[in-house]
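Open your viewer and get ready to click along. This tour goes stop by stop, with something to select at each one.

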Amino acid sequence: MDFFDFHHHKKYIRNGVYNLDIERIPPDFPYSIGIHPKDIDVKNLKMQFNWMGSMMFQSCFAIGECGLDSLVPIDPKIQEEVFLKQIEISNEVKKPIIIHCVRKFYEVISFKKKAEQAMIIHGFNKKRQVAEDLLANNFYLSFGKPILYNLSLQDILKTTPLDKIFLETDNDDFTIEELYIKVSEIKGISVERLNEQIVENLHTIKNG
C-alpha cells in the first residue's frame, strides 16, 4: 500500500508533497513552493516572488511552507506582508497553503478570512485549545513524528476529525508507514480506512 507523505524534504519520496527549498528547481512529482519566514530576504523579495512565479509548474501541489515564526529575526510586519502575498498567490492559482507557524497561531487564524483555498498547519504539535481553535476555523492539521510518542498529542488526535487530518515525515528519519500504523491504532480504524480518508482529504483540498 502506498502512503501519502503530506510534507517532506526527501527527493527519493515520490508519493507525497516535496518541500521545495528557496531558489531550487522543482522535481517532476508533487511539490510545494513558498517563502518560509526564515528565508525572507527583504532586499530581494521581488526576486523571490519572481522565482515562485516562474517555478509554479504542473506538479506544484501547494503554496508553502509559508507563515509566521516568532523565533526568526525577521520583522513581524514583513513576515505578515509576505504571508499575505502568498495567500493571494494561493487564491489566484487555486492551490492549498501549507503553513509553518511558531508561537503565532492566533495571528495565522486572523489571516484565514483572506484565504479562498484550504490551509494546512504542518507538523502540528501544540496544546488542545490551539487545535480546537484551528479546527473551529476550518484548518487542517498535519501530524508528524511526535505522534509516535507524545501522549498529549495522541489524545488530541483522538478527537481530531478524520476529514481534517494529514500525516507527514517532514525532515525526520522514519517512515511514513510507521505513522499511518500508529494513527490507525489511535483512531481505532484500519490502516486501509485511514489511507482512503487521507486520499479523500487530498482530493478535497486540491479541488477546493
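One definition before setting off: a residue is called buried under 20% relative accessible area, exposed over 50% and partly exposed in between, with a 1.4 Å probe and protein chains only. This is a predicted model, where local features need pLDDT of at least 70, side-chain atom pairs count only at pLDDT 80 or more, and totals for chains, interfaces and linings use all residues. Residues are numbered from 1 along each chain as its sequence is written, and side-chain values use heavy atoms, with hydrogens and water left out.

**The loop between β2 and β3**

Select E23, which is found in the loop between β2 and β3. Helices (H or I, at least four residues) and strands (E, at least two) are DSSP runs, numbered from the N terminus. E23 is partly exposed, at 45% relative accessible area. Its backbone deserves a look: phi is positive, about 65°, although E23 is not a glycine. Most residues other than glycine have a negative phi, and most peptide bonds are trans.

D28 sits in the loop between β2 (16-20) and β3 (31-33), and R14 in the loop between β1 (5-8) and β2, so the pair ties together parts that are 14 residues apart in sequence. The term salt bridge stands for a side-chain nitrogen of Lys or Arg within 4 Å of a carboxyl oxygen of Asp or Glu. D28 is exposed at 59%, while R14 is partly exposed at 49%.

How many salt bridges does the structure hold? There are four. Select D39 and K38 for another of them, with the closest N and O atoms 3.2 Å apart. Here K38 is exposed, with a relative accessible area of 53%, and D39 is partly exposed, with 23%.

Next, go to helix α4 (residues 128-136), where R128 and E132 lie four residues apart, about one turn of the helix. Their side chains meet in a salt bridge of 3.9 Å, N to O.

N138 is another residue other than glycine with a positive phi, near 70°. It is partly exposed, at 42% relative accessibility.

Which residues of helix α1 (residues 45-54) are buried? Select L45, Q48, F49, W51 and M52 to see them. They cover an arc of only 150° around the axis, which puts them on the same side of α1; the arc is that of the directions from the helix axis to the C-beta atoms. Turn to the other side of α1, and K46 and G53 are exposed.

**A cis bond and a buried strand residue**

Select G64 and E65: a cis peptide bond joins them, with omega about 5°. E65 belongs to strand β4 (residues 60-69).

Then move to I165 in strand β8 (residues 165-167). I165 is buried, with 0% relative accessibility. Draw a C-alpha to C-alpha distance from I165 to M52: they are 27 Å apart in space and 113 residues apart in sequence.

**Last stop**

Finish at E192, in helix α7 (residues 191-206). E192 is partly exposed, with a relative accessible area of 43%.
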